[in-house]
Amino acid sequence: MENVSDVTLFTLSGLNFTLEQRITLFLLTLLWYLMILLGNVFLILAIIMDRNLHEPMYIFLCNLCINALYGTLGFYPKFLLDLLSPHVISYAGCMLQGFVIHSSTCGDFSILALMAYDRYVAICQPLVYHSVMTKRRVCIFVFLSWLLPLNSMFMNTASLLGVRLCGSHINRLYCVNWMIVTLACSQPKANSIVAYFNILFYFGHFMFILWSYMFLIRTCMSSKEDRGKFMQTCLPHLISLITFSATVLLDLFYMRFGLVDVSQDLSNFMAIEFLLIPPIVNPLIYGFKLTKVRNKILNLVHIKSKDRKGHSMTFHVGGEHSTYT
């Protein structure tokens, strides 16, 4: 039995590949991460640069993209490094990685709950929308959507500090708090209380989102105009919610109750699918489905294309200097 003070380095698992396979996986992962970065950054810039998009729905969407960048930052750089070096992580690095990934996941639920509430007020109570979703209130909502997840996961991570550990091998591609709990010599009671409170708290977010969409669907069925609004603005939110919830719940159930005879490749996929799919799906869904965002992106692409075509071309023909614009 070893004390936590003796554990300064954790070994991770799941990368039993040859050098050639690691290099291939490194290139594919790097390409995927760059796509995530470009997709989310492009959407963030499109919203920031266009004043017409400075509305609650798009402000929440912008924060969803920022949160995706924050969460993937906690996984991809370290994973890319692990593919080219020993698969280990320091004690402090493990705690930090678990905190970032957990808080980003909870942040997604908070922001999706805000987006559901915004659509509920806009469609079910349109006459009071502007009095409810004021600039001041939106700022408070955004602040809380970051503060609550960060505080919840800080308490969760802090409750593990000083816990005696009886091992240093984590059976996962990356660090999460539950894996540290499994290495503890005895069940940390403080962490159990905080963890179950957080699960119930964010399950409440999930139920609130479902409740909002139940009212939205019931309201939208009454008129053709409202059905059009639902398909235009609510459908992307619903797809994003289903994608994110399904991937997170699958990972949660597998991590807590998973079978040991699952193949390593399938185990790896279930562990990282919520870091693979939602961060790239969200920019695609919102970028193509929401009219204002799509038009802004098309305008940016058109302007860049027009600028390239408008550049003057200078060359010499038969000793004469000619310029075309």
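Predicted model: local features only at pLDDT ≥ 70, side-chain atom pairs only at ≥ 80, totals over all residues.
The chain has 325 residues, of which 46% count as buried. Its secondary structure comes to 12 helices and five strands.

Three strands form an open sheet in the order 2-1-3, and their pairing is mixed. Strand 2 and strand 3 therefore stand at the edges: each has a single partner strand, and one side of each has no neighbour in the sheet. The mixed pairing can be followed strand by strand. Strand 1, residues 9-12, and strand 2, residues 88-90, run antiparallel and are joined by three bridges. Strand 1 and strand 3, residues 169-170, run parallel, with two bridges between them.

Particular residues show how the strands line up. Phe10 stands opposite Ile89 in strand 2, and Thr11 has Val88 in strand 2 as its bridge partner. On the side of strand 3, Leu12 stands opposite Ile170.

Helix 4, residues 91-124, lies across strand 1, strand 2 and strand 3, and runs at about 95° to strand 2.

The next topic is a pair of helices. Two packed helices are described by the angle between their axes and the distance between the axes. For helix 2, residues 56-73, and helix 6, residues 135-158, the axes come within 10 Å and cross at roughly 25°. Angles under 35 degrees count as roughly parallel, so helix 2 is roughly parallel to helix 6. The crossing of the two helices is right-handed.

Which residues of helix 2 and helix 6 meet? From helix 2 come Pro56, Ile59, Phe60, Asn63, Ile66, Asn67 and Tyr70, and from helix 6 come Val138, Phe141, Val142, Trp146 and Leu150. The residues of this contact divide into 10 nonpolar, two polar and no charged.

Two residues of another helix complete the tour. Ser212 has its place in helix 8, residues 189-220. Is Ser212 buried or exposed? Its relative accessibility is 0%, and because buried means under 20%, Ser212 counts as buried. Apart from neighbours within four places in sequence, Ser212 is in contact with Ala116 and Tyr120.

Ala190 is also found in helix 8. Its relative accessibility is 44%, so Ala190 counts as partly exposed.

Methods
Residues numbered from 1 in each chain as written. Heavy atoms only, no water. Pairing = 2+ DSSP bridges. Helix = DSSP H or I, 4+ residues; strand = E, 2+ residues; numbered from the N terminus. Buried < 20%, exposed > 50% of the residue type's maximum accessible area, 1.4 Å probe, protein only. Contact = heavy atoms within 4.5 Å. Axes fitted to C-alpha atoms, helices over the stretch in contact; angles between N-to-C directions. Parallel < 35°, antiparallel > 145°, perpendicular 65-115°, else oblique. Left-handed = near helix turned anticlockwise from the far one by under 90°. Nonpolar A, V, L, I, M, F, W, Y, C, P; charged D, E, K, R; others polar.
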